[in-house]
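Open the model in your viewer and keep the selection tool at hand. The tour goes from the whole chain to a single residue.

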Amino acid sequence: MRIRHVISTVVAVATVAVVAAAPAQAAEYSSALKVKGVQYDAPGTDSNKCSTGNSKDEYLTIKNYSSTATINLKGYVVKDATGNRFIFSASHYLQPGDYVKLRGGHGTDSDAKNVVYRQNCNFIWNNDKDTIYLYKPSGSRADVHSYTRTGNDRDRNGYITYHG
């Protein structure tokens, strides 16, 4: 009986070690709405001055990957790693395959031009690393992506693509 206990303990410890050593995989969420890409580093020198800055050139592209469902963005939440957040407070409908660019700065939202402005001139995404969270109106997670400039932006243009 003692030998069985020792063997089962060794097997259990080895299993835990193998699981702990396995690389973490990104979770795949069942949402049709996903982050398509992020321009995390706006071209030029960063300036969050509302009148002359370039925070409008930093944007997040969110796409409806469904082949049949139209999705209303109202109530969806975008957050970064430190808790900066944007809530889609108005209705914006994405047809199947359609996308919207969530831009910094001030501007007029337009479904025809596929753009929503955060109405805030501060940058939301860090230029070195960050995590992008997309939450459904229910509070459940729709998508998440972490990035680092050195690990994910091979051409160093400040833009990273997800989900093709």
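How many helices and strands are there in the protein? Switch to a cartoon view to find them: the protein has two helices and eleven strands. Keep in mind that this is a predicted model.

Now trace the chain along its sequence. The pattern begins with α, continues with a run of β, and ends with α and then β; written out, the order is α-β-β-β-β-β-β-β-β-β-β-α-β.

The protein has 164 residues, and 37% of them count as buried. Show the contacts as well: among those with a separation of 6 or more, 57% are between residues 24 or more positions apart.

Hide the surface and select residues 141-148. This is strand β10, and H145 lies in it. Is H145 buried or exposed? H145 counts as buried because its relative accessible area is 15%, and the cut-off for buried is under 20%.

Which side chains does the side chain of H145 meet in polar contacts? One is that of D143, at 3.1 Å. Another is that of H163, also listed at 3.1 Å.

To finish, select what surrounds H145, leaving out its neighbours within four places in sequence. The residues in contact with H145 are then V35, D130, T131, I132, Y162 and H163.

Terms used
Residues are numbered from 1 along each chain as its sequence is written. This is a predicted model: local features need pLDDT of at least 70, side-chain atom pairs count only at pLDDT 80 or more; totals for chains, interfaces and linings use all residues. Side-chain values use heavy atoms; hydrogens and water are left out. Helices (H or I, at least four residues) and strands (E, at least two) are DSSP runs, numbered from the N terminus. Buried means under 20% relative accessible area, exposed over 50%, partly exposed in between (1.4 Å probe, protein chains only). Contact means heavy atoms within 4.5 Å. A polar contact is a pair of N or O atoms within 3.5 Å; within protein, one must be able to donate a hydrogen and the other to accept it, and residues adjacent in sequence count only if both atoms are side-chain atoms.
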